[in-house]
Every structure is written in structure tokens, then in C-alpha cells.
Amino acid sequence: MKSKWIFQIFITLSLFLPAIAAQAENENLARIQERMRQRLPQINELKAAGLIGENNRGYLEPLGEDLEAAEEELKEEELEKRKTLITKENEDRKKVYTLIAKKVGTTPELVGRRRARQIAEAAVPGVWIQTSEGDWIKKKKNEETEE
Amino acid sequence: MKIKVYLFSALLPAGLLFLPACWTKHQINSRHEIKPIEVKPIHITIDVNIKVDRALDDFFSDIDEEDPTIQQSIQQ
């Protein structure tokens, strides 16, 4: 009698498990979305200052010379905050790419490259983007770019 | 009569000798191969890219709308 109950509970749980997992995934994505939204103003500020750019793998990347020059004027605490911001954003992006890759049946790397392409096409003038060849270019008006 | 026989016996081997020259052979070789249906990788890649782009749009469209570094005209 007891074993019958255990079996019934097990069957019920196994039926609901995929739905529970899907709900957890959606909640996770919603949380990531919210965090990204909150970071957006700070990221845009750095983008506008030319201190960070969008690389060809779908992640944010500090821009070498500009960042080094700016770092000298920055307080250590502020610099740490910026690094954390970039790291957290990239971690969340990686989670999103991984979830999408799992859903579609591909790799997170491919998802990242597709996102990088979308960003490169849609970016407004002034944003630094990395081409598929690896060169960093500043987006200009009418899709023109400068090296 | 004898002349006819001689003539016949002389022409018969000659005729037999040239008989193969009258024989012609016509041959058409045709080969039919049925190749197995191939699913080309490029189609698969495009299909995956479309699915990925759609999934990315689903997730990022709201964020991109709020992002001033993303052009609004391209988002829609």
C-alpha cells in the first residue's frame, strides 16, 4: 500500500517536472533581463566615452589604449566597479547565450556571434564594435566606420 | 556453265572476306545513377541562424528598445 503511494507521487512529480523546469528557466531569464536593464545606463555611459566596445563574440570588452589612459585618472574603487560591471554583464550574456543555444540546439559561441552581428548592424554612430576580422572600428553615420 | 561455277567459287571467298566490313555495330552506353538525397549543411546553418536570431530578438527586443546605442529603426 505504501509503495503504491510512493509510486503515484513519483509519477505525478515526473509529469510536472518539465513544466517546473521551464518555469524556473523563464524566471531565470526574467531576472537576467532585469539585471541587464539596470546596468544599461552605466554601460551606455562607458560606450559613449569610448571606453568599452562590443566584440565579435557578443560580449563587452574594455578598449585598450583609451581604457589605460582613463585608468590613470580613475580611482581604484571606481575602476573596480567598472570591471565588475563588465564582468557581470558578460556573465549574464553568457547565461542567455547558453540557454538559447540549448533551446535551439547549437553552441553558445554561435549565439554570441549572431548577437554581435545584430549589435554591429544596429549600433548608433560612435559605438566601438569589433568586425568579424577582429578589427576595432567606430561606427559612423550611414554604416560607415573608421579604424 | 563452267565459267559460272568458277566465277561463283572465286567470288564466294572474296565476298566472305569482305563480309565483316558490312557489319556495323551501334552501341549507346548510358549510365543512370541515383544519388542519395543530400541535406546540404548550408541549409542547416541558415535554419539555425534564423532560429537563433528569433530567440535573441525575443530576449533582447525589450532591452534594445530602452538602449539608446541601438537604432530604433533597425529594432522594428
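Biologist: In what pattern do the elements of chain B run from the N terminus on?

Modeller: The elements are DSSP runs numbered from the N terminus: helices are H or I with at least four residues, strands are E with at least two. Chain B has three helices and zero strands. From the N terminus on, its elements therefore run α-α-α.

Biologist: What kind of model is this, and which pLDDT do side-chain atom pairs need?

Modeller: Residues are numbered from 1 along each chain as its sequence is written, with chains lettered from A and ligands numbered from 1 in the order in which they are written. Side-chain values use heavy atoms, without hydrogens and water, and the model is predicted: totals for chains, interfaces and linings use all residues, local features need pLDDT of at least 70, and side-chain atom pairs need pLDDT 80 or more.

Biologist: Which pattern does chain A follow along the sequence?

Modeller: Chain A holds four helices and five strands. Read along the sequence, its pattern is α-β-β-α-α-α-β-β-β.

Biologist: What share of the 147 residues in chain A is buried?

Modeller: Buried means under 20% relative accessible area, exposed over 50%, partly exposed in between (1.4 Å probe, protein chains only). In chain B, buried residues are 17% of 76. In chain A, with 147 residues, the buried share is 37%.

Biologist: How much of the accessible surface of chain B belongs to carbon and sulfur atoms?

Modeller: Accessible areas come from the Shrake-Rupley method with a 1.4 Å probe; for residues, only the protein chains shown count as cover. Chain A exposes about 9,700 Å², with 54% from carbon and sulfur atoms. Chain B comes to about 7,100 Å², and its carbon and sulfur share is 64%.

Biologist: How much area do chain B and chain A bury between them?

Modeller: The size of an interface is often given as the accessible area lost when the parts come together. Here buried area is that loss (1.4 Å probe), summed over both parts. Carbon and sulfur atoms hold 64% of it, and the total is about 2,300 Å².

Biologist: Which three residues supply more of the area that chain B buries against chain A than any other three?

Modeller: Contact means heavy atoms within 4.5 Å. The contact takes 25 residues from chain A and 21 residues from chain B. On the chain B side, 26% of the buried area comes from Phe59(B), Ile63(B) and Thr69(B).

Biologist: Which helix gives the most to the side of chain B that touches chain A?

Modeller: A polar contact is a pair of N or O atoms within 3.5 Å; within protein, one must be able to donate a hydrogen and the other to accept it, and residues adjacent in sequence count only if both atoms are side-chain atoms. Between chain B and chain A, nine residue pairs are in polar contact, both at pLDDT 80 or more. The top contributor on the chain B side gives 15 residues and spans residues 41-66: helix H2.

Biologist: Which residues does Gln118(A) touch, not counting residues up to four places away in sequence?

Modeller: Gln118(A) is found in helix H4 (residues 108-122) of chain A. At 16% relative accessibility, Gln118(A) counts as buried. With residues up to four places away left out, its contacts are Asp53(B), Leu56(B) and Asp57(B).

Biologist: Which residues does Asp53(B) touch, with the neighbours up to four places away in sequence not counted?

Modeller: Asp53(B) sits in helix H2 of chain B. Its relative accessible area is 19%, so Asp53(B) is buried. Its contacts are Arg114(A) and Gln118(A).

Biologist: How many salt bridges are there between chain B and chain A?

Modeller: A salt bridge is a side-chain nitrogen of Lys or Arg within 4 Å of a carboxyl oxygen of Asp or Glu. Over all chains the count is 14. One bridge between the chains joins Arg37(A) and Glu66(B), at 2.9 Å from N to O. Between chain B and chain A the count is three.

Biologist: Are Arg115(A) and Asp64(B) buried or exposed?

Modeller: Their side chains meet in a salt bridge of 2.9 Å, N to O. Arg115(A) lies in helix H4 of chain A and Asp64(B) in helix H2 of chain B, so the pair joins two chains. Both residues are buried.

Biologist: How many residues apart in sequence are the parts that Glu54(A) and Arg93(A) tie together?

Modeller: The N to O distance in the Glu54(A) and Arg93(A) salt bridge is 2.8 Å. Glu54(A) lies in strand E1 (residues 52-54) and Arg93(A) in helix H3 (residues 76-104) of chain A, so the separation of the parts is 39 residues.

Biologist: What is the relative accessible area of Lys47(A)?

Modeller: Lys47(A) forms a salt bridge with Glu54(A), with the closest N and O atoms 2.8 Å apart. Glu54(A) is buried at 3% relative accessibility. Lys47(A) is also buried, and its relative accessible area is 3%.

Notes:
Buried area is the accessible area (1.4 Å probe) that two parts lose on being put together, summed over both.
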